[in-house]
Amino acid sequence: MKLKNPMLVVTDIEKSVEFYKKVFGLRVIMDFGANKTLTGGLALQTVETYKKFINTSDIFFGGNNFEIYFEEDDFDQFVDKLKECDIEYVHPVIEHSWGQRVVRFYDPDKHIIEVGENIKTVCRRFLDSGMTPEQVAQRMDVPMKFVNACM
């Protein structure tokens with residue numbers, strides 16, 4: 001058994017392709033018309049065909065029980081890039097208790113997207129600020145082995 005792709009049902013596949021291209025730099029690597037696979041493995045499926053697949057017309061968008069998660073090495077640059085996009089935010093940039101900064105926003109069909117600062121970058125940021133490896137491990141609630149690997 002092998003997980004292949006997460007798939008999002010979308011109302012306008014071309015609009016969604018453009019969104020993921022503009023915001024994340026993803027591009028189409030497999031194009032089956034009603035289904036497109038993007039770099040990174042994200043698949044998009046038209047709502048019309050998906051209704052037929054599951055034999056129902058009851059498709060709902062805007063739930064808050066699922067998200068797609070990305071990590072970004074240059075988080076500040078990405079956040080600046082978002083200012084150039086037409087983005088509806090779930091919330092602005094926040095910092096979790098372990099020090100990772102994240103932002104959540106919606107794609108065109110109200111799927112939640114989370115972009116987090118690369119966790120190794122968080123570790124290095126703390127080390128560069130003068131924290132000891134032991135302080136970083138405690139602050140991030142990670143094992144010393146992880147901190148050492150980030151050094």
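Author: Start with the lining of the largest pocket. Its residues divide into nine nonpolar, four polar and one charged. Keep in mind that this is a predicted model. The pocket has a volume of about 340 Å³. Of its 14 lining residues, the closest to the centre are Leu8, Val9, Phe60, Phe66 and His111. Which strand gives the most to this lining? Strand β1, residues 7–10, does, with three residues.

Now follow β1 into its sheet. This is an open sheet of four strands, in the order β1-β4-β3-β2, and the pairing is mixed. The edge strands are β1 and β2, and each pairs on one side only. From one strand to the next, the twist averages 25°. Helix α2, residues 47–54, packs on this sheet and touches β1 and β4. The direction of α2 makes about 85° with that of β4.

Strands of a sheet pair through backbone hydrogen bonds, either parallel or antiparallel.

Take β2 and β3 next. Strand β2 covers residues 28–31 and runs antiparallel to β3, with three bridges joining them. Met30 stands opposite Thr37 in β3. The two strands form a hairpin with three residues between them. In that turn, Gly33 has a positive phi of about 80°.

On to β3 and β4. Strand β4 spans residues 43–46 and pairs with β3 in the antiparallel sense, over three bridges. Asn35 has Gln45 of β4 as its bridge partner. Thr37 has Ala43 of β4 as its bridge partner. These strands form a hairpin too, with four residues between them. Here Gly40 takes a positive phi near 90°.

Look at the side chains of β3 itself, residues 35–38. Asn35 and Thr37 point one way. Lys36 and Leu38 point the other way. Are these residues buried or exposed? All are buried.

There is another sheet to visit. Four strands form an open sheet in the order β5-β8-β7-β6, again with mixed pairing. Its edge strands are β5 (67–72) and β6 (88–95), each pairing on one side only. Neighbouring strands in this sheet are turned by 15° against each other on average, direction ignored. Helix α1, residues 13–24, packs on the sheet. It touches β5, β7 (101–106) and β8. The direction of α1 makes about 160° with that of β7.

Strands β5 and β8 run parallel, and six bridges join them. Strand β8 covers residues 112–117.

Why does Arg101 count as buried? Its relative accessibility is 17%, and buried means under 20%, so Arg101 falls on the buried side of the cut-off. Setting aside residues up to four places away in sequence, Arg101 touches Phe75, Asp76, Val93, Ile94, Glu95, Val115, Gly116, Glu117 and Arg125. Compare that with Gly130, which lies 29 residues along the chain from Arg101. The C-alpha atoms of Arg101 and Gly130 are separated by 19 Å.

Conventions
Residues numbered from 1 in each chain as written. Predicted model: local features only at pLDDT ≥ 70, side-chain atom pairs only at ≥ 80, totals over all residues. Heavy atoms only, no water. Pairing = 2+ DSSP bridges. Axes fitted to C-alpha atoms, helices over the stretch in contact; angles between N-to-C directions. Contact = heavy atoms within 4.5 Å. 1 Å grid on protein atoms, 1.4 Å probe; cavity = no way out; pocket = protein on both sides within 12 Å on 5 of 7 lines; lining within 4 Å. Points joined across faces, edges and corners; volume = space filled by probe spheres on them. Nonpolar A, V, L, I, M, F, W, Y, C, P; charged D, E, K, R; others polar. Buried < 20%, exposed > 50% of the residue type's maximum accessible area, 1.4 Å probe, protein only.
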